[in-house]
Amino acid sequence: MDAGKTVCITGTDRGIGLALSKGLLLEGYTVFAGGIQQENKELDDFAVAFPGRLRRFVLDVGSDTSVGEAAEFIQSDTEKLDFLINNAAILGDTKKTIADELDFDEIQRVYNVSALGAIRMSSALIGPVMNGGKLIVNISSEAGSIGNSFRESWFGYCMAKSALNMGSTIIHNSICKDGGRVLLIHPGWVKTSMSGTWNDAGTYTPEEAGANILKRIDEYKDEIGPQPMYIEADTGKSLPW
């Protein structure tokens, strides 16, 4: 393949992941786009519009087998990635409090996808990442901040994003001595279909959030020091852990 810029993005079926894919294709990247759907018209249209630069594959970040197959596919095509964007996540229940009957199987599923999914992908692709731009971008959330916590529900999602922040720190501690960096980004309140149906209540469209994320990646990718950075996509301000 061409030795130009390469990136892998997870959760590309819709929303922010789809917007990031388009944005990076427009910037000239070859995009490895992993999503759970077998069929996706938007990605098919991107493949036509950007011939040879969209490498689409089916990906379930909650599955060791699926992640392993994805890594084999990517590494059969390239030895380096300029960066990896771990975006895939699921929301889970947002209403039940500790006084309600909680679905612990669902909470574990949210944790498996929204926290461990990024760790799986980072582990599977650490070779191409460190051979390339040495940057991992994890899409987190203010919901994962312990110091700024206010919710009385959202157990799975909040706990998963908090765990993602810690996992990102551990990865950064391991790779920073070799020039590796981890950037955590909160995309803001985004209009989304994560709950299963379209929710128009957010501040930003997926396209606006994606543009903000790409702006922050470009701004901070070479400024990350001994600690990973945890920032808001819209303002660039640091978030409390």
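In which strand is asparagine 138 found? Asparagine 138 belongs to strand E5, where helices (H or I, at least four residues) and strands (E, at least two) are DSSP runs numbered from the N terminus.

The model is predicted, so that local features need pLDDT of at least 70 and side-chain atom pairs count only at pLDDT 80 or more, whereas totals for chains, interfaces and linings use all residues. Residues are numbered from 1 along each chain as its sequence is written, and side-chain values use heavy atoms, with hydrogens and water left out.

**The sheet**

Seven strands make up an open sheet with parallel pairing, in the order E3-E2-E1-E4-E5-E6-E7; two strands pair if DSSP finds at least two bridges between them. Strand E3 (54-58) and strand E7 (229-232) each have a single partner strand and stand at the edges, so one side of each lacks a neighbour in the sheet. From one strand to the next, the twist averages 15°. Axes here are lines fitted to C-alpha atoms, for helices over the stretch in contact, and angles run from 0 to 180 degrees between N-to-C directions.

Strand E1 (residues 6-10) pairs with strand E4 (residues 83-86) in the parallel sense over three bridges, and valine 7 stands opposite phenylalanine 83 in E4. Helix H2 (residues 41-49) packs on the sheet, touching strand E2 (30-35) and E3, and its direction makes about 155° with that of E3. Contact means heavy atoms within 4.5 Å. Helix H8 (residues 206-220) lies across E4, strand E5 (135-139), strand E6 (181-186) and E7, running at about 150° to E6.

**Asparagine 138**

The side chain of asparagine 138 makes a polar contact of 2.8 Å with the side chain of asparagine 86. A polar contact is a pair of N or O atoms within 3.5 Å; within protein, one must be able to donate a hydrogen and the other to accept it, and residues adjacent in sequence count only if both atoms are side-chain atoms. Leaving aside residues up to four places away in sequence, asparagine 138 touches several others, including Ala118, Leu164, Ser168 and Val182.

The table gives relative accessible areas; buried means under 20%, exposed over 50% and partly exposed in between (1.4 Å probe, protein chains only).

| Residue | Class | Relative accessible area |
|---|---|---|
| Asparagine 138 | buried | 0% |
| Proline 128 | buried | 2% |
| Lysine 134 | partly exposed | 27% |
| Tryptophan 154 | partly exposed | 24% |

**Helices and loops**

In helix H4 (residues 104-114), the buried residues are Ile107, Val110, Val113 and Ser114. They cover an arc of only 135° around the axis, which puts them on the same side of H4; the arc is that of the directions from the helix axis to the C-beta atoms. Phe104, Asp105, Gln108 and Arg109 are exposed on the other side of H4. Helix H5 (116-124) and helix H7 (155-175) are among the elements covering the buried residues of H4.

The axes of helix H3 (residues 64-75) and H5 come within 9 Å and cross at roughly 35°. Asp64, Val67, Ala71 and Gln75 of H3 make the contact with Arg120, Met121 and Ala124 of H5.

Proline 128 lies in helix H6 (residues 126-131). Most residues other than glycine have a negative phi. Lysine 134, in the loop between H6 and E5, has a positive phi of about 60° although it is not a glycine. Tryptophan 154, in the loop between E5 and H7, likewise has a positive phi of about 60°.
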